[in-house]
Amino acid sequence: MTRYLARRLAFAAFLVFAVSSASLILTRLGEGDYVSGSLGIEARRETAAQARARYGLDKSIGEQYRTWLGRAVRFDFGNSLLYDRPVRDLVPERAANTAILAASALAIATLVGLPLGVVAGSRRGVVSGAIRSTSIVVLSLPPLLTSLVLVFVAARTGWFPIAGIRSAAVAPGGETLDFLHHLILPACALALPLAAVFERLQAQSMGEVIGEPFVLAALARGVTRRRIVWRDALKPALRPVTAIYGLVIGTLLSGSFAVEVTTSWPGLGNLMLDALRARDVYLVAGCAGAGAVFLACGTLVSDVALAMVDPRARE
Amino acid sequence: MIAAKKLADVPRPLHRIARLSKFACKIAWYGRVARFFKGSDSWPEGQLLTGHLRDLWTLGRLAALLCLASACGRATPPPPARTSSSSAIHAGGELVVSVRTEPRSFNRLAARDSPSDLVATLTQARLVRINKKTQDVEPWLAERWTASEDGRRVTLSLRQGVTFSDGHPFTADDVLFTFEAAYDSRVASVLADSLQVGGRKLEIAAPDPHTIAITFPTPFAPGVRLLDNVPILPRHKLEPALRNGTFASAWGLSTPPSEIVGLGPFVLAEYQPGQRLVFVRNPRYWRTAPDGTKLPYLDRVIVDVVSDQNAELLRLAAGQLDVTNGEMPSESYATVKRAADGGRVKIFDLGVAMEADSLWFNLKPGAFATDPRARWLQRDELRRAISMAVDRQAFADTVFLGAGEPVYGPETPANQKWYWTGTPKTPHDPAGAKALLATIGLTDHDGDGLLEYATGAPARFSILTQKGRPRLERGAAVVRDELKKIGVTVDVVAFDGAALFDRIGSAKYDAIYFRASRTDTDPAITPDFWFSSGTAHLWNIAEPKPATDWEARIDELMTRQVASLDEAERKRLFDEVQRIFIEHAPVLYFAAPRVIVATSSRVVNATPAVTLSPLMWSPDTLAVVH
């Protein structure tokens, strides 16, 4: 298991390194750079040349990459050209916001999707049909559209703040509630499609499990349906969802980008968008690296969980 | 949505009925759910193929419930506030402004993006200010000035008793420091180029602590107008950074707010990365209102970062936002109009914009040396034909969704002082355009409806535009469609900003459709556009010498225009420049948008103006009903 874990960790490290390196190189390879975007078309050539020299953009891609790599191994990912702050400070503070959003969405999706999946998978009729149909509708909506709909509802009803992470004026002691109030809308936008995925998987799996002989045997012994569903059948039916749980963490990050922009959630998605627009090479590499960390962690958790359940996966 | 609105507007008893019916539905729903949980018909078999019709019915009920809930739960709209015309101005209160992105820096000399400019407008002050409403120069930190007869030297008397927000007195030394920083090559300031006349720096001297003498390299008619965009920075705070070469990164976003001092109406109190900036009144601000009230009126300005335009508009309509920092796009007008009809928002139609989106061709000599299209792509006739082929009214209606006006030259009627009233109105004449194209060899040789050159090569070129700007993309698409009608094939390609600017700078394009904004209405302030040697001479940047006779003529006229101290003569010369410009059409203009801005109904004393920041250009006089 230790060797397996080490192998997976090495792969995760390689993933982060490859993604951030590729991001830096690709951003640099594109036409235009931070200086041409920030100074605009009217800048004099000398002014632009001075700015490029200041930001190190006058170096070749190879030289810039080597310099960046040399510093990155010491966990110095350079300074953001856009915000003139170290990337290693900027990215974690935004990644934390994204992590909170993703974790909340995951929790909501789990709490909503799994029970509904169990119900839909163990019953037939109006309730399971309604759940199934709703899931299919929600599943077909991308998080961007869900967030737009929710933002619209929030604007019409005034139930939730439309944008941001906390209010400008909060009474002392009310910070947490205010934060949660802001969190609900983006978290739901992100969670709804995911809940639908969980519901579909869980329902399918539950449907298969309750057809197993041990369920019939239990029924024959007079065990109640509720007990069978929620105690005996649920555990084996959870396997498919558990298997994709890790991957979901990674995909949540990419899904959260659109939601963050729509709801002005100051997370990694908004930061990445700003960095890409401005051609801030170091910040793009940092954000992409952080995204890769999310994905790597998710994959690692998933792999380890799978390896613990099924030892054949370690080979 | 209309139904929802109506429901929200109904009297309270009906709300109660709606709530009761919702509650009743809930009870019924819970009952059904409970029943179905109690037993099923065919346990434990498959459950995926039955009950579909019932599912749809249930879904429908769910949707209806949601709609009802949405309509019933709608926040009570705030009562319509008094309008600016009828309200007395009360000091105090806070204003919430939105920006699309964070500022790049708190140092205006290091960043030129609009949020950074807004921060500078709130926290800093200039020697003189251009009143964006009247376009006149107003005394600001300099309370008066005199110009020498040759127009080369201006002496400014600085306001006395003014202090920075930290209490440090403001003197001429701070002005000297600001210009030193702006011109320092290590800083590579974004303002450095705009503070040059004829490509040379101004000479700044301080004969005494309250006087500044500015010497222009050549006679310069606009004089102090050039100083409008230079915030005066505190030497006592920033000098160490300039001396040790770190000025460009000084006052970055990680700087503690208390370190940022200025002469503006507000001071930065809080910066929440990615979220908002909070500014509070500068108690040492030096301006007072005509009635003696100490300015600014507002206690706080909150600048929220709202990255999505839809969210921004919804917040404005919902009363969670007072002002957006910029013009309202045409496509948002309907949403805001509905809010205005409900009394929650005020709309200001400021008339046609100062600048129109423009189309220009690559006129750099030799740019198409190996390209057979060189024979026609750089010809005046092509551009004149395009000007005739495009129906400007239809263009305005399509691109600006009706909120635009046809434009025929480099200046729009909004620039009242410099607009040439004799600007000829090019008629929409597709047949005339085809005839004109025939004179440069572009005719339909094979009868397929498309024009070709004599060699059989099709009349085809590409227009590059900026990605993510719907208005530009729509405009380029309309040009493409209009030219298709006369047989010219156009490919529209959208690039992101940096790539587009790179293409323009390196002259690697056929044609560009873009909005190149100018910093001032006076043409002498934007010489880089008019002079052939200019860096914003879009169609052929920084020519070593004028490539054409007409460009040489414009250079000559503009040289006289910039130097002349006779305003009538300057106007006459610039009219002539516009005449030549329109005749050769190096840049084509089709329509300009009407500038429409909106504020929440509680904003009073707003003086909206046709500028890049239509409402926030004068933050110290803005007030709110509170």
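A: Before the packing, one term: a helix axis here is a line fitted to C-alpha atoms over the stretch in contact, and the angle between two axes runs from 0 to 180 degrees between N-to-C directions. Keep in mind that this is a predicted model.

Let's start with the pair. In chain A, helix α8 (residues 175-209) packs against helix α10 (residues 225-237) at an angle of about 120°, and their axes are 9 Å apart. Angles over 145 degrees count as roughly antiparallel and 65 to 115 as roughly perpendicular, so α8(A) and α10(A) come out as oblique to each other. The crossing of α8(A) past α10(A) is right-handed. As for who touches whom, α8(A) brings Gln202(A), Ser205(A), Met206(A) and Val209(A), and these meet Ala233(A), Pro236(A) and Ala237(A) of α10(A).

Now for a helix with two faces. Helix α4 of chain A covers residues 61-72, and its 12 residues reach 16 Å from first C-alpha to last, close to the 16 Å expected. Its buried residues are Gln64(A), Trp68(A) and Ala72(A). They sit on the same side of α4(A) because they cover an arc of only 70° around the axis. An α-helix has 3.6 residues a turn, so residues three or four places apart point the same way.

Last, helix α6 (residues 126-139) of chain A: its 14 residues should span 20 Å, and the end C-alpha atoms are 19 Å apart, which agrees. Among its buried residues are Val127(A), Ile131(A), Arg132(A) and Thr134(A).

Definitions and conventions:
Residues are numbered from 1 along each chain as its sequence is written. Chains are lettered from A and ligands numbered from 1 in the order in which they are written. This is a predicted model: local features need pLDDT of at least 70, side-chain atom pairs count only at pLDDT 80 or more; totals for chains, interfaces and linings use all residues. Helices (H or I, at least four residues) and strands (E, at least two) are DSSP runs, numbered from the N terminus. The expected span of a helix is 1.5 Å times one less than its number of residues. A residue is buried if 20 or more other C-beta atoms lie within 10 Å of its own, exposed if 12 or fewer, and partly exposed in between; C-beta atoms are placed from the backbone. The arc is that of the directions from the helix axis to the C-beta atoms. Angles under 35 degrees count as roughly parallel, over 145 as roughly antiparallel, 65 to 115 as roughly perpendicular and the rest as oblique. A crossing is left-handed if the near helix is turned anticlockwise from the far one by less than a right angle, and right-handed if clockwise. Two residues are in contact if their C-beta atoms, placed from the backbone, lie within 7 Å.
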